[in-house]
Amino acid sequence: MIVWANDLLGARVRDCEGVVIGRIEEMKCTVAGNRCEVDSYLIGASALVERLGAWALIRPIRRVLPAWMYRRYQVLAPQLDLRNPRRPRTTIALRELRRR
C-alpha cells in the first residue's frame with residue numbers, strides 16, 4: 001500500500017481498543033533504490049520535540065511541563081493499520097507499545 005507521508009504526519013493514532021495514543025510526529029525509514037519504506041513511527045508530543053530538535057529549548061522549563069509532554073511511543077510499521085490513512089490504528093493495545 002502506498003501512503004504519502006504528508007497524509008500521516010500529524011495524524012491522530014488510536015490503539016486497537018480506541019484509546020488515543022498521540023499524533024504521528026516522525027517516521028524512521030529505509031531507502032532502497034527509488035523506494036522509501038517506513039520501519040517505524042514515533043508518536044507523541046515528545047517525538048515532535050525530537051523532530052524539531054527543540055530539546056535545548058525544552059530542558060530549562062522541563063519541570064513545569066506536564067508529564068504527557070514526555071510520552072513518546074515507537075510503533076513498528078507492521079503494527080500500524082493504514083487502511084484508512086486519515087485514521088491510523090495500531091494492531092496492539094497502548095499498554096503493549098514500546099515507550100522510547
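Helices (H or I, at least four residues) and strands (E, at least two) are DSSP runs here, counted off from the N terminus.

**View 1. The whole chain, element by element.** This is a predicted model, and its protein has three helices and seven strands. Walk along the sequence and you get the pattern α-β-β-β-α-α-β-β-β-β. How much of the protein is buried? Buried residues account for 32% of the 100 residues.

**View 2. Inside the largest nonpolar core.** There are 13 residues in this core, and the ones touching the most other members are Ile24, Tyr41, Ile43 and Leu80.

**View 3. Zooming in on Val38.** Val38 sits in strand S3. Is Val38 buried or partly exposed? Its relative accessible area is 25%, so Val38 goes down as partly exposed, given that buried means under 20% and exposed over 50%. Now look across to Leu76: 38 residues separate it from Val38 along the chain, yet their C-alpha atoms are 8.5 Å apart.

View 4. Arg12, Arg14, Arg23, Arg87 and Arg89 together form a positive surface patch. One of them, Arg12, belongs to strand S1, which covers residues 12-14. With 42% relative accessibility, Arg12 counts as partly exposed, because that value falls between the 20% and 50% cut-offs.

Key
Residues are numbered from 1 along each chain as its sequence is written. This is a predicted model: local features need pLDDT of at least 70, side-chain atom pairs count only at pLDDT 80 or more; totals for chains, interfaces and linings use all residues. Side-chain values use heavy atoms; hydrogens and water are left out. Patches are made of residues with over 30% relative accessible area and no salt bridge: like charges are joined within 9 Å, nonpolar side chains (Val, Leu, Ile, Met, Phe, Trp, Tyr) within 5 Å. Accessible areas come from the Shrake-Rupley method with a 1.4 Å probe; for residues, only the protein chains shown count as cover. A salt bridge is a side-chain nitrogen of Lys or Arg within 4 Å of a carboxyl oxygen of Asp or Glu. Lys and Arg count as positive and Asp and Glu as negative; His and the chain ends are not counted. The place of a charge is taken as NZ of Lys, CZ of Arg, CG of Asp or CD of Glu. Buried means under 20% relative accessible area, exposed over 50%, partly exposed in between (1.4 Å probe, protein chains only). A nonpolar core is a set of buried Ala, Val, Leu, Ile, Met, Phe, Trp, Tyr and Cys residues joined through side-chain atoms within 4.5 Å.
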